[in-house]
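Have a look at the structure first, then read on.

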Amino acid sequence: MAALGLTVARCNAHNDNDPALDPAAIQSQPGQYNEANLVALDQSIALAKARNLRLILRFTNYWEAYGGVRRYVSWHLGRPARAKDAALFFTEPQIKYWFQSYIRMIIDRVNSVTGLTYRNEPAILAWELGNEFRNPGDADALLRWTAEMAGFIRQLDANHLIADGGEGFDDAPHLY
């Protein structure tokens, strides 16, 4: 990226896949983290910093790639989540608590390479709540959730931008 003259990249700061299927998983269950894979994230941030790249780090994905929203919902339901179950991510208090705990862990993390907490890391340009969020059945719930999570992040970190991760048509049901 640096060789191409790029200065900013969006990257995952999450991987909630089943570790039996994905050895790069960071969070195997709510609150259970793989330190080796967090060190790999630390190394990625340090490499970006050394190359003068700024990162937009995503906390999750709407889609199933790398676990995402349905993985949180599956943990809550105790069974595989269906597409229609995804809306629970934006309203269920337990799921919101787990997500906030993950956010706190990432923002409070001390990078094992640079020695800085992520909240003080200049290579991080912004936090992104998640990739391509949507909630067609209840856009208002998504907007309330976005405000709540952005406020939570702002309490933890006043140094970085916060992006919602939407695609621009998620603010009203008729836009879907």
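Gly68, Val69, Arg70, Arg71, Tyr72, Val73, Ser74 and Trp75 are the buried residues of helix 2 (buried means under 20% relative accessible area with a 1.4 Å probe, protein chains only; helices are DSSP runs of H or I, at least four residues, and strands are E runs of at least two, numbered from the N terminus). This is a predicted model, where local features need pLDDT of at least 70, side-chain atom pairs count only at pLDDT 80 or more, and totals for chains, interfaces and linings use all residues. Numbering runs from 1 along each chain as its sequence is written, and side-chain values use heavy atoms, leaving out hydrogens and water.

**Helix 2**
- Helix 2 spans residues 68–77, and eight of its 10 residues are buried.
- Strand 2 (27–29) and helix 3 (93–108) are among what covers those buried residues.
- Gly78 follows helix 2 and has a positive phi, near 75 degrees.

**Largest pocket**
- A pocket here is an open set of points on a 1 Å grid over the protein atoms alone, where a 1.4 Å probe fits, with protein on both sides within 12 Å along at least five of seven lines; lining residues have an atom within 4 Å of a point.
- The largest pocket has 17 lining residues, with Cys11, Asn12, Ala40, Leu41 and Ser44 nearest its centre.
- Helix 1 gives the most to this lining, six residues.

**Second largest pocket**
- Its lining includes Arg70, Arg71 and Ser74, which are also buried residues of helix 2.
- Asp16, Asp18 and Glu64 are among the other lining residues of the second largest pocket.

Methods
Buried means under 20% relative accessible area, exposed over 50%, partly exposed in between (1.4 Å probe, protein chains only). Contact means heavy atoms within 4.5 Å.
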